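Let's take a friendly walk through this protein, from its overall make-up to a few of its side chains.

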Amino acid sequence: MSARLRVLAAVALCSASLAEAAPPDQALAGILEALESNRLELALQRTETLIDTHPNFRLAHLIRGDLLLARARPLETFGNVAKTVPRDKVEDLRAEALARLRSLRERPQGGRSPRQLLQLAPDQRHAIVVDVDQSRLFLFENSGGRPRLVADYYVTLGKRGVEKTREGDQKTPIGVYHVTGNLPRGKLTDFYGVGAYPINYPNEWDKRLGRNGHGIWLHGVPRDTYSRPPRASDGCLVLANQDLESIARHLEIGRTPVIISDEIEWRDASEIDGERRAIGTAFEAWRTDWESRDTSRYLRHYSAQFRSEDQDLAAWAAHKRKVNEAKSWIKVGVSRVSMFRYPREDFVVVSFDQDYRSSNLSNSMRKRQYWRRDGAAWKILYEGGQ
């Protein structure tokens, strides 16, 4: 067996006892463990079992072909098949195999959490973070405002990579989003599998940067397909049907965050707590300064690059001065606060319920702010209703 396959087998062997992975990945690890010990028949037996369980798992069929050929000649790499088989198809399956193996090798260390998930609101029972580099979707449970890893799944992304900017570019967006709907199987063609869950691309930041397009969904695969290559969608997040069904029961419209990042920044709880406290302190100062009716103190929390819909900082300041001068008192209550670090951008998305009361106006709304560090201080880059 080649050195390359020995490395892959060793990766699988070392990883098989780590945190839970999707069943096909565990089976793949077992197959490569058998290869490492030069037990080709055991590897073939395990592959046949995998095919029996998942008959439309094309990668398993490719490995089976390799193992049958290995009876007659040395096994060098995945997809050592006849030249009549389209090479692009073989390369797609090879890329899937390597993505699945890499996820087994690079498991998150115990006690670490994604830096992107600083704080979940009490009613956000679960969160999704996608690691683009690993073609992996991680599902987290809300444990007292902090994320706890529940499971992770292989996921397919856009044909042309990530950072979607325009309609039809076949790229997956990078950013902080949330689930906006549930399209059941009965309303879809077989192409989307067991269902689809749209997300709110383009969000406020996408629109600010002039990005467009629509129809970015989490969805499944056709009945004759188990999974698709790592880069094969038109921009959507595509999972095996059984994986989507497993995730679906945790998705809540308007609540479940979906963060798509180049990679997950795994951090110790103490580091995440420190950053959350710093932003929380700035957020509370903003709230109390608003209540003070000292507009200059209130406005110090806003960045020079601030925008809110069609207002820049100057227009926002003029409006707030006029409004505050007409009030004798203000009370601002906040609840259901979440904080998510935006991938690639140095800001944090803070969403919350705002209960505003004053001497001449009262209202309640769901609000979103983008906070960015400006020197030693955190300041607001964007503010608007959600």
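## Overall picture

Keep in mind that this is a predicted model. The protein has ten helices and 20 strands. Of its 386 residues, 53% are buried.

Among contacts with a separation of 6 or more, 61% join residues 24 or more positions apart. The accessible surface comes to about 17300 Å², and carbon and sulfur atoms account for 49% of that.

Helix H3 takes in residues 40-53. From first C-alpha to last, its 14 residues reach 20 Å, close to the 20 Å expected at 1.5 Å a residue.

Which residues of H3 are buried? They are Ala 43, Leu 44, Thr 47, Leu 50 and Ile 51. These residues lie on the same side of H3, because they cover an arc of only 120° around the axis. Their cover includes helix H2 (23-36) and helix H4 (58-69). Gln 45, Asp 52 and Thr 53, on the other side of H3, are exposed.

## Aromatic residues

The whole structure holds 23 aromatic pairs. Take Phe 283 and Trp 286: their ring centres are 5.5 Å apart and their planes are at 25°, so this pair is stacked. The two residues are three apart in helix H8 (residues 269-292), which means about one helical turn separates them. Phe 283 is buried at 5% relative accessibility, and Trp 286 is buried at 0%.

Both belong to one aromatic cluster, whose members also include Trp 290, Tyr 298 and Phe 352. Elsewhere, Arg 100 lies over the face of Tyr 154, 4.3 Å from the ring centre.

Note on methods:
Residues numbered from 1 in each chain as written. Predicted model: local features only at pLDDT ≥ 70, side-chain atom pairs only at ≥ 80, totals over all residues. Heavy atoms only, no water. Helix = DSSP H or I, 4+ residues; strand = E, 2+ residues; numbered from the N terminus. Buried < 20%, exposed > 50% of the residue type's maximum accessible area, 1.4 Å probe, protein only. Contact = heavy atoms within 4.5 Å. Areas by Shrake-Rupley, 256 points an atom, 1.4 Å probe, with all protein chains shown as cover. Expected span 1.5 Å × (residues − 1). Arc of directions from axis to C-beta. Phe/Tyr/Trp six-rings, centres within 6.5 Å; stacked < 30°, edge-to-face > 60°. Lys NZ or Arg CZ within 6 Å of the ring centre and 35° of its normal.
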